[in-house]
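Please keep the sequence and the structure in view while reading.

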Amino acid sequence: TVNTLLLSGTTLYVGGSFSQVGTTNRARLASIDTATGTLNGWNPGASGEVFDLALGTNELFVGGNFGTLGGTGRANLGSVNPTTGAVTSFNPNVSDDVYSIVLTGSTLYIGGIFDQIGSAARSRIGAVEISTGLPTLFNPGSNGPVNALELNGTTLYVAGDFTQIASSARENLVAFDLTNGLPTAWDPKVHGEVNAVRAFNADVA
């Protein structure tokens with residue numbers, strides 16, 4: 001299964017639960033040259049399923065359900081060099097599955113089913129500083145899984161299977177104003193679990 005794709009130039013990064021690409025072994029992570037369709041040599045590997053990817057300046061962030069990344073202990077969130085595949089020092093130590101990650105500036109927002117980031121309590125949603133791997137003060141808390149995140153300017157859209165987030169009643173889809181870390185008045189009331197969200201200018205799908 002392929003869960004996530006990330007395109008950078010002519011390189012397509014792929015994450016999922018697969019063990020091979022074609023006849024070549026690749027443990028849940030791979031990259032493909034889009035110009036030729038051939039598999040690149042990049043091969044960090046993850047010990048468990050990869051759910052999402054986000055690209056920074058010199059590192060590719062990887063979220064999922066794994067205990068090692070590139071053979072190095074990393075609990076569900078880590079990063080690797082996008083060229084060499086070498087594991088970086090980024091090590092937030094997230095307690096359970098990370099389903100979605102989005103990067104803005106020096107902050108990586110994460111959603112999933114975890115209840116801790118490092119030693120800090122964070123209920124299914126949080127953020128970490130990429131230079132240190134430490135959690136930021138962003139701590140809204142959700143009473144159900146956070147499946148998807150989408151960033152549009154200073155608005156963070158959060159989707160999942162919840163009825164309350166940041167102590168506010170919200171059904172499965174909510175928007176946060178990142179200038180103050182609080183939910184906005186936007187409240188579409190989606191009656192069912194939301195697994196994906198995308199923002200197009202003023203529209204959300």
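Which residue forms a salt bridge with glutamate 150? The partner is arginine 198, and the closest N and O atoms of the two are 3.6 Å apart. These values come from a predicted model. Glutamate 150 has a relative accessibility of 14% and counts as buried, because buried means under 20%. Arginine 198, at 46%, is partly exposed.

Strand E16 is part of an open sheet of four strands, in the order E16-E17-E20-E21, with antiparallel pairing. Strand E16 (146-152) and strand E21 (182-183) are the edges; each has a single partner strand, so one side of each is left without a neighbour in the sheet. Six bridges link E16 to strand E17 (residues 155-160) in the antiparallel sense. In this pairing, valine 146 is opposite glycine 160 of E17.

Across the whole structure, a search finds two salt bridges. Besides the pair described above, lysine 189 and aspartate 187 meet through their side chains, at 2.8 Å from N to O. The table lists the residues of both pairs with their accessibility.

| Residue | Relative accessibility | Class |
|---|---|---|
| Glutamate 150 | 14% | buried |
| Arginine 198 | 46% | partly exposed |
| Lysine 189 | 46% | partly exposed |
| Aspartate 187 | 26% | partly exposed |

Conventions
Residues numbered from 1 in each chain as written. Predicted model: local features only at pLDDT ≥ 70, side-chain atom pairs only at ≥ 80, totals over all residues. Heavy atoms only, no water. Pairing = 2+ DSSP bridges. Helix = DSSP H or I, 4+ residues; strand = E, 2+ residues; numbered from the N terminus. Salt bridge = Lys/Arg side-chain N within 4 Å of Asp/Glu carboxyl O. Buried < 20%, exposed > 50% of the residue type's maximum accessible area, 1.4 Å probe, protein only.
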